[in-house]
Amino acid sequence: MKEANKQSQSRIKVPYTRIEPLGDRLKKAAKEHGYSGWLGKFRFAFNMAARFYFIVIAFLMPYSGPRIVLHRLRGVKIGKNVMIGFNVTIDNIYPELVSIGDGSSLAGNNLILAHSKPLEYHKGLFDSYVAPVVIGRNVWVTVGVIILAGVTIGDGSIITAGSVVTKNIPPHSLAAGNPAKVIKRLDVGEA
């Protein structure tokens, strides 16, 4: 119960997605992201386009180093000695809410989301929010893992292939499944 309260406190409510003309949507999205004034929507559009191109180029890079540089340019907080594999998507809209600790590895085909914005039609069924994602130090996120908004993965943990992480994972844990659950505690040295 304490964990659920902690997660809900880190969430920031945002409006639901409405299908409307591009100009109106762009103006609302710019305001939602803190861009104001008559140039706000143009600055927002430019920054979103730049982030998009950084993520496309990151997908094409043959080595982890350039991928890390591009994701840092997008605003992702990445520690030292991190490895990011092929086809890793780190939130396209709120990359600045994602942090990856020193020595961690994202194997490939991973998706990390820092937001949940359902359609306005689904307003009564799901929350619309943004929340930070924290991947601790020396975490191994294996292939095909999805990490949802508001999740913290503790230092030294391993998330097994194809898992969907919907809740916090404590340090030094092996987690698996959809939704991911802790299978066992890992007896490893200091992370």
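The buried residues of H3 are covered by elements that include H2, helix H4 (64–74) and strand E4 (89–90); contact means heavy atoms within 4.5 Å. This is a predicted model, in which local features need pLDDT of at least 70, side-chain atom pairs count only at pLDDT 80 or more, and totals for chains, interfaces and linings use all residues. Residues are numbered from 1 along each chain as its sequence is written, and side-chain values use heavy atoms, with hydrogens and water left out. Helices (H or I, at least four residues) and strands (E, at least two) are DSSP runs, numbered from the N terminus.

**Helix H3**

- H3 has 21 residues. From its first C-alpha to its last it reaches 31 Å, close to the 30 Å expected at 1.5 Å a residue. The expected span is 1.5 Å times one less than the number of residues.
- Gly-40, Phe-44, Met-48, Arg-51, Ile-55 and Ala-58 are buried in H3. Buried means under 20% relative accessible area, exposed over 50%, and partly exposed in between (1.4 Å probe, protein chains only).
- Seen down the axis of H3, these buried residues fall within an arc of 85°, so they line one face of the helix. The arc is that of the directions from the helix axis to the C-beta atoms.
- Phe-42, Phe-46, Tyr-53 and Leu-60 are exposed on the other side of H3.

**Helix H4**

- Ser-64, Arg-67, Ile-68, Leu-70, His-71 and Arg-74 are the buried residues named in H4. Viewed down the axis of H4, its buried residues fall within an arc of 165°, so they line one face of the helix.
- The cover over the buried residues of H4 includes H3, strand E2 (77–78), strand E3 (83–84) and E4.

**Largest pocket**

- About 240 Å³ of space lies in the largest pocket. On a 1 Å grid over the protein atoms alone, a pocket is an open set of points where a 1.4 Å probe fits, with protein on both sides within 12 Å along at least five of seven lines; a cavity is a set from which the probe cannot get out. Grid points are joined across faces, edges and corners, and a volume is the space filled by probe spheres set on the points.
- The elements giving two or more residues to the lining are helix H2 (22–32) and helix H3 (40–60). H2 gives the most, with 5 residues.
- The lining has 15 residues, and Ala-29, His-33, Phe-44, Met-48 and Ile-93 lie nearest the pocket centre. Lining residues have an atom within 4 Å of a point.
- By class, the lining has 8 nonpolar, 3 polar and 4 charged residues. Ala, Val, Leu, Ile, Met, Phe, Trp, Tyr, Cys and Pro count as nonpolar, Asp, Glu, Lys and Arg as charged, and the others, Gly among them, as polar.

**Backbone features in loops**

- Asn-178 and Pro-179 are joined by a cis peptide bond, with omega about 0°. Pro-179 lies in the loop between strand E16 (173–176) and strand E17 (181–185).
- Asn-138 is a residue other than glycine with a positive phi, near 55°. Its loop runs between strand E10 (133–135) and strand E11 (140–141). Asn-138 counts as partly exposed, at 35% relative accessibility.
- His-172 is not a glycine, yet has a positive phi of about 50°. His-172 sits in the loop between strand E15 (164–165) and E16. At 13% relative accessibility, His-172 counts as buried.

**Contacts away in sequence**

- Ile-153 lies in strand E13 (residues 152–153) and counts as buried, at 1% relative accessibility. Beyond its neighbours within four places in sequence, Ile-153 is in contact with Val-134, Ile-135, Gly-136, Val-139, Ile-147, Ile-159, Val-165 and Ile-169.
- Asp-102 is in the loop between strand E5 (98–100) and strand E6 (105–106). Asp-102 counts as partly exposed, at 35% relative accessibility. Leaving aside neighbours within four places, the contacts of Asp-102 are Gly-79, Lys-80, Val-82, Arg-137 and Asn-138.
- Gly-108 lies in the loop between E6 and strand E7 (111–112). Gly-108 is buried, with a relative accessible area of 5%. Not counting residues up to four places away in sequence, Gly-108 touches Gly-85, Phe-86, Val-88, Thr-142, Val-143 and Gly-144.
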